[in-house]
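Thanks for asking me to look this one over.

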Amino acid sequence: SGPLKKEFAAMITMSVISVGLSSNERVRDCLAAAEQVFAKQPGHPYASDAASTCYVGAAEIARQHGEDPQHLLHKALQLMEPTIQRHSHFLWGINDLGIVYLTLGNYLQQHGNAASRDMFKKALLCFSSSAELDNTYLSAPNNSLTALVSLVPDIQKEEELQGVLKQADRYFAACTEINNKEQQCYNNYFQIYARAAQRTLLAGQNPQPRLQRALQHLEMTHQLGSKMIDSEQHAAMMHLLQTRDLLRRKFSPAAPLAQLDAVLADCFALAPEDVMCRTLAAQALWVRADWQAAQQLPFGQTLTAALVKARLAVGSPEVSPDAWQTLAETQLRIAQSTQAGKARTLHINDGLAALQKLFSINPNHALGLITQGQLLLLRAQGEQVPSQKRQLAADAAASLERGLQRDPFLRPAFSAVLAEAQALVLRGSPQPPSR
């Protein structure tokens, strides 16, 4: 019908034009056309699918403007869930329902809502159903890989992470069996292994096997097409992981740092204000400072430069909890390297202020809770009033414990800090009278 054609035209145009007034107009046009179809054919499956996709587009516009997109995503679900119940062989619709679940899951994850995992699992079920309907449908394994990229940061056990990687191997094999030149298959696959390597290093284990597989498939991604913003973001993350692992093993991180600088340049060429690459640029300077400290060289200026980059990251158009955590940790690192006094107090206070911004976005950010605990512990160590020292240490221990509960992969790295805070609480506790 004419309205349905208009709706699909609006949907397709919206997906390729830049965000702004024109995109808002396309959303309105798309939904208006859907209403015309529904007036004549209530519950029309293709109209429902197109309208759902337009709601997802509207949700992305809302998110980029700092607004909550959940009501728009739930409208998409209200259209598609009953549509798929009535039309269980509607291939495109099942796939697009999975995309709605995935989009909602990503938003919930960014805001620290544990329901994100359920959304990712629902998305994976949809993509699996699509593959069962048509084993040549490339979007099914490709979107399954995309969902696993999002799921990896929520994994809390090594055994579960191994299971996710086995799933990724199966989806990648299916993807490349359909088309072994499909760049996005390689792109998603290497990102899964890159994020798995990050989790592995956080746990204090050897990330190299997973990191090397990620690097191998990043190379294939580059060979098969032009560079993309998400590929360069994760490439930068991988080179940063490489530097941290070398530093952990007391080797020079100079070579991967040079590679990281080159990848960040590529990232900024694609998106000059990209928040993830700005955040990684600040973290790269932490590694440089740590390497300088290991060589007994001055590193204060390097941390000051990291602070500049971290502030730039939180000023990016896109809101990022990780950027605020990075700013807070940079303040922590400067405070730890500063003698007790007004300067240290200022950095502690600024770090805690950055964390309040973080917790307004994601109150359950594990690394943020860890950083808060470290800042409170540093403040407690400089406190002279015994009762206040004990309370600050107790608050530090509570924040650290909460962070470790949220992400058990962090426990090897921060258990000693928690023990230090707990010991300070015990030293400051009133002792029972001797007999």
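Is Lys-250 buried or exposed? Lys-250 counts as exposed, because its relative accessibility is 71%; the cut-offs are under 20% relative accessible area for buried, over 50% for exposed and partly exposed in between, with a 1.4 Å probe and protein chains only.

1. Some ground rules before going on. This is a predicted model, in which local features need pLDDT of at least 70 and side-chain atom pairs count only at pLDDT 80 or more, while totals for chains, interfaces and linings use all residues. Residues are numbered from 1 along each chain as its sequence is written, and side-chain values use heavy atoms, with hydrogens and water left out.

2. Back to Lys-250, then. Its phi is near 65°, a positive value in a residue other than glycine. Most residues other than glycine have a negative phi. Lys-250 sits in the loop between helix H11 (229–248) and helix H12 (254–270); helices here are DSSP runs of H or I with at least four residues, numbered from the N terminus.

3. You will find Gln-296 in the loop between helix H13 (275–294) and helix H14 (300–314). With 72% relative accessibility, Gln-296 counts as exposed.

4. The largest nonpolar core has 81 residues, and Leu-148 and Ile-192 have the most contacts inside it. Helix H9 (residues 183–202) gives the most to this core, namely 10 residues. A nonpolar core here is a set of buried Ala, Val, Leu, Ile, Met, Phe, Trp, Tyr and Cys residues joined through side-chain atoms within 4.5 Å. A second, separate core holds 42 residues, including Ala-289, Leu-352, Ala-421 and Val-425.

5. Which residues is Ile-192 in contact with, leaving aside neighbours within four places in sequence? They are Leu-145, Leu-148, Val-149, Val-152, Leu-165 and Ala-168, where contact means heavy atoms within 4.5 Å. As background, nonpolar side chains tend to be buried together in soluble globular proteins.

6. On to charged pairs. The whole structure has 13 salt bridges, each being a side-chain nitrogen of Lys or Arg within 4 Å of a carboxyl oxygen of Asp or Glu. One of them joins the side chains of Asp-266 and Lys-227, at 2.7 Å from N to O. This pair links distant parts of the chain, 39 residues apart: Asp-266 is in helix H12, and Lys-227 is in the loop between helix H10 (208–223) and H11. Asp-266 is partly exposed at 27% relative accessibility, and Lys-227 is partly exposed at 40%.

7. Arg-248 and Asp-245 form a salt bridge, with their closest N and O atoms 2.7 Å apart. Because they are 3 residues apart in helix H11, about one helical turn separates them.

8. Asp-261 and Arg-288 meet through their side chains in a salt bridge of 2.6 Å, N to O. Asp-261 belongs to helix H12 and Arg-288 to helix H13, so this pair links distant parts of the chain, 27 residues apart. Asp-261 is partly exposed at 37%, as is Arg-288 at 27%. Elsewhere, salt bridges with shared partners join Glu-60, Arg-63 and Glu-318 into one network.

Definitions and conventions. Helix = DSSP H or I, 4+ residues; strand = E, 2+ residues; numbered from the N terminus.
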